[in-house]
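Hi there,

Here is the structure I promised to pass on.

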Amino acid sequence: MNNPPSSPESWHATTIILVKKDGRTVIGGDGQVSIGQTIVKGNAKKVRRLAKGEVIGGFAGATADAFTLFERLEAKLEQYPGQLLRACVELAKDWRTDRYLRRLEAMMLVADRQVALVLTGTGDVLEPEATERGSVMGIGSGGNYALAAARALLPTDLDAETIARRSLEIASEICVYTNRNVVLESIP
């Protein structure tokens with residue numbers, strides 16, 4: 001049985017990738033938003049700067065839910081300036097225990113100069129597994145495709161931005177819910 005267009009199960013859209021390499025962190029995302037089998041927007045911006053540009057983040061999931069979480073993260077970052085990990089742990093606690101926030105369906109990748117994290121509604125605050133060449137994380141419907149591509153490209157001489165862009169392009173060739181309208185933000 002098909003889900004009605006407004007049900008969360010029928011919303012697909014997004015590939016978000018995080019690449020850390022050679023002291024640079026990049027978060028990139030595609031721009032496609034779909035409801036069921038219909039593309040409703042091709043140039044959505046799912047990657048943005050937070051905390052006066054000191055933090056970058058990208059989201060996968062319901063847009064309104066993600067904006068709510070970005071606002072909550074901004075508030076936590078004001079409460080704990082320069083402490084992204086602490087702010088994320090506090091947000092994850094709220095997300096897990098607050099009756100309203102528990103219903104939010106989104107995931108986030110966030111990073112500053114020191115740390116990169118994935119946040120989930122189940123209370124997870126996870127750092128990417130680091131290798132000698134860097135680290136990568138991916139979320140969203142095409143996240144695993146982009147993650148695989150980024151892992152394959154990490155040992156090459158390509159920089160973090162090029163790896164993020166290329167991995168999103170590869171994901172767009174495989175995942176029907178991912179397009180080539182890429183937005184990248186980076187922290188040197």
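Predicted model: local features only at pLDDT ≥ 70, side-chain atom pairs only at ≥ 80, totals over all residues.

Residues are numbered from 1 along each chain as its sequence is written, and side-chain values use heavy atoms, with hydrogens and water left out.

**The five-stranded sheet**

Here 5 strands make an open sheet with antiparallel pairing, in the order S6-S7-S8-S9-S10. Helices (H or I, at least four residues) and strands (E, at least two) are DSSP runs, numbered from the N terminus, and two strands pair if DSSP finds at least two bridges between them. Strand S6 (47-50) and strand S10 (125-126) are at the edges with a single partner strand each, so one side of each has no neighbour in the sheet. Strand S7 (residues 55-61) and strand S8 (residues 106-111) run antiparallel and are joined by 6 bridges. Ala60, for instance, has Met107 in S8 as its bridge partner.

Helix H1 (residues 63-79) packs on this sheet, where it touches S6, S7 and S8, and its direction makes about 150 degrees with that of S7. Contact means heavy atoms within 4.5 Å. Axes are lines fitted to C-alpha atoms, for helices over the stretch in contact, and angles run from 0 to 180 degrees between N-to-C directions. Helix H2 (residues 84-97) lies across S7, S8, strand S9 (116-119) and S10, at about 5 degrees to S9.

How do the axes of H1 and H2 cross? They come within 9 Å and cross at roughly 130 degrees. H1 and H2 are therefore oblique to each other; angles under 35 degrees count as roughly parallel, over 145 as roughly antiparallel, 65 to 115 as roughly perpendicular and the rest as oblique. On the H1 side the contact includes Leu69, Leu73 and Leu77, and on the H2 side it includes Leu84, Leu91 and Trp95. The contact residues divide into 8 nonpolar, no polar and 4 charged. In this scheme Ala, Val, Leu, Ile, Met, Phe, Trp, Tyr, Cys and Pro count as nonpolar, Asp, Glu, Lys and Arg as charged, and the others, Gly among them, as polar.

Strand S3 (residues 24-29) and S12 pair antiparallel over 5 bridges, and Gly29 has Val183 in S12 as its bridge partner.

H3 and H4 pack at an angle of about 135 degrees with their axes 8 Å apart, which makes H3 oblique to H4. Among the contact residues are Ala146, Ala149 and Leu153 of H3 and Ile163, Ile170 and Ile174 of H4. By class, this contact has 9 nonpolar, 1 polar and 1 charged residues.

**Salt bridges**

Searching the whole structure gives 7 salt bridges, each a side-chain nitrogen of Lys or Arg within 4 Å of a carboxyl oxygen of Asp or Glu. In one of them the side chains of Arg49 and Glu185 meet at 2.9 Å, N to O. Arg49 lies in strand S6 and Glu185 in strand S12 (residues 183-187), so the pair ties together parts that are 136 residues apart in sequence.

Best wishes
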